[in-house]
Amino acid sequence: MNWQVKYALANIAKETRSTAEHVEGELIRIATPDQPDVSAAISAANEIGAATAASYREKYPELDFLCGYRKTCVWYGEAIQYLEDAGIGWGSLGTLGSAALDGNANSASHKVYKFADRLLRQYGQVQEVIREYDRIHRVSLKSGTSVRIGMIADYEPTAEAVRSLWDDFGPVDTVWNINPNGNPSPDAINAGHELGCEVMKWDELREYLRTA
């Protein structure tokens, strides 16, 4: 049994009222009272692209949810679209645990980015959203302007977090601190200015998109 499967089984047993068992390879089955069973693959990949997602679906046709176990796991937009079109949920172990309890594993998405993604898609000035990565969105506005937005979920993003996002995913127009309880540090805001982007919370981003 792979290391990430062992940790996933142990954490599910410890933190939820669900029970989980190993089926084969990276596949586990989660049982929750009054909810459908969930077949989930637990991946140790650092990045999950469309080819990786498709290989899991081919290997495990009964798949309900693909879990990127590593906290640092990056999901490509093509993989997200592929899984959502196939009726397979995706995200972290925390997302999987919540989805099993709620009975919506097939439609669940990474809980860290879910609310922010929905906010963007529902904002009236937005015409189209292209998700390049789990945390990078390219937004076309009704004004005709295109804006590339990077998301950071840290409580208090640092200058290093802003620079890392830029280095790992390329230039963005804005960095959105999506943690509702925190605020970017002054150093993070200054780092954004040095790179040529704004670091902001939702209220500022909404105004930015309204006037862009």
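This report describes salt bridges in a predicted model.

## Basis of the model

The model is predicted, and local features need pLDDT of at least 70, side-chain atom pairs count only at pLDDT 80 or more, and totals for chains, interfaces and linings use all residues. Residues are numbered from 1 along each chain as its sequence is written, and side-chain values use heavy atoms, with hydrogens and water left out.

## Salt bridges in the whole structure

Side chains of opposite charge can pair when their charged atoms come close. A salt bridge is taken here as a side-chain nitrogen of Lys or Arg within 4 Å of a carboxyl oxygen of Asp or Glu. Searching the whole structure gives 9 salt bridges. A network of such bridges links D117, R121 and R131.

E132 pairs with R138 in a salt bridge whose closest N and O atoms lie 2.9 Å apart. R138 is partly exposed, at a relative accessible area of 33%. For accessibility, buried means under 20% relative accessible area, exposed over 50%, and partly exposed in between (1.4 Å probe, protein chains only).

D134 forms a salt bridge with R135, with 2.7 Å between the closest N and O atoms. Both D134 and R135 are buried.

## The pair in helix 8

In the salt bridge between R210 and E207, the N to O distance is 2.6 Å. The two residues, R210 and E207, are 3 residues apart in helix 8 (residues 202-211), and are therefore separated by about one helical turn. Helices here are DSSP runs (H or I, at least four residues), numbered from the N terminus. R210 is partly exposed, with a relative accessible area of 47%, and E207 is partly exposed, with a value of 38%.
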